[in-house]
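Open the model in your viewer and keep the sequence panel beside it. The stops below can be selected one after another.

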Amino acid sequence: MESMKIALLLMGILLNATTLSGVELLAHDYYKEKCPIAEDIVRHNVEVALLKDPRLAASLLRLHFHDCFVMGCDASVLLDSVEGMTSEKLAGPNVNSLRGFELIDNIKYLLEEECPITVSCADILAMAARDAVQLRGGPRWEVLLGRKDSLESSFTGANLFIPAPNSSLEVLIDNFKQQGLDTEDLVTLSGEQKPGSHTIGRARCLNFRQRIYEEEDEYHHGNDRYKRYTTFRRILRSICPVEGRDNKFAPLDLQTPKRFDNQYFINILGGNGLLGSDNVLISQDLDGQITEHVWAYASNEKLFFASFAKSMIKMGNINVLTGDEGEIRRNCRFVNA
């Protein structure tokens, strides 16, 4: 069953055939009668969690992305392994990397107390990501609600469809295209293996070592060939030596690491994106279309915010389950008995 879905996704068939019909059943006020305080419960708990750990904002955003890019926005990423099914949490892009599961568990518990078997885990992920962005200074958008939760996870899909931190621009464009997203979405949500346009959050040394010790100027658009020991690189090399310390972290945005803003794009223009997949937006953009978007967002934060909200809505509607598809899980880690 899973292998068939993976094959269809690779051909762009399953996604394009089902996304629109599912989205038609979503609504902004889906829980208005069924669970009026659902969004308030999610936002309050996200807010409390971010006061304790501001880094959770990036983690919640990333959870939503890693969920949507596999089989669609269906909370498959939240499922634990059981006999006959390996969790997506154990896939290469996710293992020892994804965070925020306990917060989602707590929100789900409170929602089950208030409105049993009503609010899906997939909708919780979408709302939590939106609230996390706004609470860190970013835009707010109205989330379409009414998703159902999947009955399975896809370990294989998680390894196939989530972009690697050293992906080429061509690979990134193709990866987003498979999900029905265009190059504008790519720039807006760029580096989506740690989404939020990398304006918040951190990355492990293992994921950016190649970029800071690269011998060529591939990631710097010709601007760093003779500047091997800039302040930016010295800081990163002090965190991440040539060997060892793979799990040490560095901020994705050294300038404003805890705030959602447009600094990421300014960093890229200066050759100071943390990951290789950041800098290829400029260095490998042959026709200049992507570079135009980067310049536009670097110079106009309001434009970036508006585009980000639009792209998040678009991403949040990928291959959703609605109606009789899927279920509303009682516990986000397991399908209902």
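Of the 337 residues in the protein chain, 56% count as buried, where buried means under 20% relative accessible area, exposed over 50%, and partly exposed in between (1.4 Å probe, protein chains only). This is a predicted model, in which local features need pLDDT of at least 70 and side-chain atom pairs count only at pLDDT 80 or more, while totals for chains, interfaces and linings use all residues. Residues are numbered from 1 along each chain as its sequence is written, and side-chain values use heavy atoms, with hydrogens and water left out.

**Whole chain**

Show the chain as a cartoon. The protein chain has 15 helices and two strands; helices (H or I, at least four residues) and strands (E, at least two) are DSSP runs, numbered from the N terminus. Switch to a surface: the accessible surface comes to about 14,600 Å², and 54% of it belongs to carbon and sulfur atoms. That area comes from the Shrake-Rupley method with a 1.4 Å probe. Of the contacts in the protein chain with a separation of 6 or more, 77% are between residues 24 or more positions apart; a contact means heavy atoms within 4.5 Å.

**Disulfides**

Next, select the cysteines. A disulfide here is a pair of cysteine sulfur atoms within 2.5 Å, and by this rule there are three.

Start with cysteine 35 and cysteine 115, joined with an S to S distance of 2.1 Å. The torsion about their S-S bond is about 75 degrees, so this disulfide is right-handed. Cysteine 35 is in the loop between helix 2 (13-23) and helix 3 (38-52), and cysteine 115 is in the loop between helix 5 (101-114) and helix 6 (121-135), so the pair ties together parts 80 residues apart in sequence. Both cysteine 35 and cysteine 115 are buried.

Move to cysteine 68 and cysteine 73, whose sulfur atoms are 2.0 Å apart in a disulfide. Their link has 120 degrees about the S-S bond and is right-handed. Cysteine 68 and cysteine 73 are both buried.

The remaining stop here is cysteine 121 with cysteine 332, again a disulfide, at 2.1 Å from S to S. Cysteine 121 lies in helix 6 and cysteine 332 in the segment after helix 15 (301-316), so the pair ties together parts 211 residues apart in sequence. The S-S torsion of cysteine 121 and cysteine 332 is about -100 degrees, so the disulfide is left-handed. Relative accessibility is 0% for cysteine 121, which counts as buried, and 2% for cysteine 332, also buried.

Just after helix 6, look at glycine 137, which takes a positive phi of about 100 degrees.

Now select helix 4 (residues 56-68). How many of its 13 residues are buried? The count is 13 of the 13, so helix 4 is largely enclosed by the rest of the structure. From first C-alpha to last, helix 4 reaches 18 Å, close to the 18 Å expected.

**Leucine 50**

Leucine 50 is in helix 3 and, at 4% relative accessibility, counts as buried. Not counting residues up to four places away in sequence, leucine 50 touches Leu56, Ala57, Ala132, Leu135 and Arg136. Leucine 50 and alanine 132 are 82 residues apart in sequence, yet 7.7 Å apart in space, C-alpha to C-alpha.

**Helix 14**

Select residues 289-299, which make up helix 14; there Ile290, Thr291, His293, Val294, Tyr297 and Ala298 are buried. They cover an arc of only 155 degrees around the axis, which puts them on the same side of helix 14; the arc is that of the directions from the helix axis to the C-beta atoms. On the other side of helix 14, Glu292, Trp295 and Ser299 are exposed.

**Annotated positions**

Finish with positions taken from UniProt. Its unreviewed entry places the feature "binding site" at Pro163; such annotations may be inferred rather than shown by experiment. Proline 163 lies in the loop between helix 7 (155-161) and helix 8 (169-178) and is buried, with a relative accessible area of 7%. The UniProt annotation "binding site" (unreviewed entry) also covers Thr199, Asp253, Thr256 and Asp261. Aspartate 261 is in the loop between strand 2 (249-251) and helix 12 (263-269), and at 7% relative accessibility it counts as buried.

Technical notes. The expected span of a helix is 1.5 Å times one less than its number of residues.
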